[in-house]
Every structure is written in C-alpha cells, then in structure tokens.
Amino acid sequence: MKSLILLGYGKMARALALGLKDKVHLQVAGRNPQKIREFCNDLQLTPLLQKDNLIEVQDQEILLCVKPYALQSFQFVGKAKCVYSILNATTLEILRSKIQSEGFIRAMPNVAASVGKSITSLCGDEAYKQRAFEIFNAIGKSVWIEEKTMAVAAALGGCAPAFLAIVAESLMDAGVTNGLTRNESKEIVEGLFEGFGALLQTTHPTLLKESVMSPGGSTAQGVASLEKNALRNAFFEAVMASKNFA
C-alpha cells in the first residue's frame, strides 16, 4: 500500500482522508499536535512523527490541505515523489520553491467533497495526472485543465456552491412568501436540485429550459422576469469577482 503524508486536519482533509484511508497508508501532519491526535483517533489514522513543524520526506507523496499562509510554518527535508496541493492562489511555481519533489499537482475540490460529490479541477505535471485522478476521484469527479485557467475553475467549482445556495434559499423564501410552509418549500427545492442535477448530466441547460418553457406560459413569464433583473449578468460578475481573488 502506498504511503501518503496528509498535511492538515480541516474539513477538506477529513473528506479526503475518508475517501483515501482504505486505499493508501495515510500519515497525518500539522501544526497542532492535539488536533492531529484527535483527527487520527477519530478516523483511525497514523500521525506522522514530526518535531517543530519539520516534515521529513523520503520519496513519499504529500497532500497539502492547509491554508496557504500556513505553508510558511513548515520546513520540508528530503525529496517527495509528488506534491498534491489544494491551496488556493498558490501556483506550481510557488510550490516548487517551497518543497523538493519530482512532481507537483494543483487541485481545487469543493464543499461537496464531504458527501463524495466534489468536482475537482486539476493541473500540473502530466506524469502524475493519472495518480491525481486516483486521489481526487475518491471524493467525486475530476477534470484536468491548464494552470492559467485554475483561477476561473476555482471560482466556478469552488465558489459557485455558495451562489447556488443563494438560489436555493431564494426559491425557498419565495415559496413561503406565496403560501407554502417552510418545510414544504424546502422539500420541493431539495427535490428540484436533485432532479435538475441528474438531468444536467445528459441534457444541455438550454434544452432543459426550452423543454418547460411553453410560448406565453408561466415559465416564460418567470424567465422574462429573471432576464429583466439581469440574473445572467449577476452570475457573470460573481464568477469574475471570485476569480480575481483565486
């Protein structure tokens, strides 16, 4: 079984650990010994022996799941086989300046990793592309892109769940405003997102819209209202704003 050092113990580290612990030998490292022990005890993992945030690496894989600023706290000794990083706004060039390794991969998973449904954008050294898919497909699906588009991919895949949460919340509130109970509205919107997600796997969104948009009908009136209120532009602007910080 391959050995992988997991640096971090937050929500994304937990999701990845749950998906990987039966496939690789995970050793957990981080800045807080107490949190490392709690994390390892909870998931039945092995803590990495470390001292003063010194990480010794001997041809192992490293999975970086810490905040970007926290990377500065660690000193890496030795050479890794490959470094997989989920650090936002941390380029391959920056990673190469911090850690010695044969290969480097950047990854941007999202909050759905907690339920095994993340869509993760990947880029980096082609030699480790297949291995990267093996690791990150443990929490959902992955797509390979060029690093120059990682910022927009991070905005679209990583930030957009918050945008969709606002859509869901707004629809629920609209249902309540128009007479549904809170539970009724919530149940309808949950079913709506589940069904729409399944349809989107096989049908282009334009065709989905047209399939329920009869000429002059209620759906057409609702769509016209959304267009009047510039919903499309709001999403374009939101992705652009998030991209500029990714």
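This is a predicted model: local features need pLDDT of at least 70, side-chain atom pairs count only at pLDDT 80 or more; totals for chains, interfaces and linings use all residues.
Okay, before anything else, one term: I'll call a pair of N or O atoms within 3.5 Å a polar contact, provided that, within protein, one atom can donate a hydrogen and the other can accept it; residues adjacent in sequence count only if both atoms are side-chain atoms.

The chain has 246 residues, and 38% of them count as buried. You'll find 9 helices and 9 strands in it. Along the principal axes, the C-alpha atoms fill a box of roughly 70 × 35 × 30 Å. As for contacts with a separation of 6 or more, 38% of them join residues 24 or more positions apart.

Now to that helix. H2 covers residues 33-43, and Asn32 caps its N-terminal end: a side-chain oxygen of Asn32 sits 3.0 Å from the backbone nitrogen of Gln34. Which residues of H2 are buried? Those are Ile36, Phe39, Cys40 and Leu43. If you look down the axis of H2, these buried residues fall within an arc of 95 degrees, so they line one face of the helix. And what does that face pack against? The buried residues of H2 meet strand S1 (3-7), helix H1 (11-20), strand S2 (25-29) and strand S3 (46-47). Just past the end of H2, there's Gln44, with a positive phi of about 55 degrees.

While we're on positive phi, two further residues. Asp59 is not a glycine, yet its phi is positive, about 55 degrees. You'll find Asp59 in the loop between S4 and S5, and with a relative accessible area of 47% it is partly exposed. Then there's Ala230, where phi is near 60 degrees, again a positive value in a residue other than glycine. Ala230 is in the loop between helix H8 (218-228) and helix H9 (231-243). Ala230 is partly exposed too, at a relative accessible area of 37%.

Leu122 has Trp144 in S9 as its bridge partner. Between S8 and S9 the chain runs through H4, and that β-α-β crossover is right-handed.

Let me stop at one residue in S8. Ser118 belongs to this strand, which spans residues 118-124. Is Ser118 buried or exposed? Buried: its relative accessible area is 2%, and we call a residue buried under 20%. The Ser118 side chain makes a polar contact with the side chain of Thr120, at 3.1 Å. Not counting residues up to four places away in sequence, Ser118 touches Pro109, Asn110, Ala112, Ala113, Ile139, Gly140 and Lys141.

Last topic: the cores. The largest nonpolar core has 31 residues, and the members touching the most others are Leu6, Leu63, Tyr84 and Phe136. Which elements give two or more residues to this core? They are S1, H1, S2, H2, S6, S7 and helix H4 (129-136). H1 gives the most, with 5 residues.

Take Tyr84 as an example. Leaving aside neighbours within four places in sequence, Tyr84 is in contact with Glu61, Ile62, Leu63, Leu64, Ile105, Tyr128, Arg131, Ala132, Ile135 and Phe136.

Okay, that's my tour. Thanks, everyone.

Technical notes. Residues are numbered from 1 along each chain as its sequence is written. Side-chain values use heavy atoms; hydrogens and water are left out. Buried means under 20% relative accessible area, exposed over 50%, partly exposed in between (1.4 Å probe, protein chains only). Helices (H or I, at least four residues) and strands (E, at least two) are DSSP runs, numbered from the N terminus. The arc is that of the directions from the helix axis to the C-beta atoms. Contact means heavy atoms within 4.5 Å. A nonpolar core is a set of buried Ala, Val, Leu, Ile, Met, Phe, Trp, Tyr and Cys residues joined through side-chain atoms within 4.5 Å. Two strands pair if DSSP finds at least two bridges between them. A crossover is right-handed if, with the strands pointing away from the viewer, the path from the first strand over the helix to the second runs clockwise.
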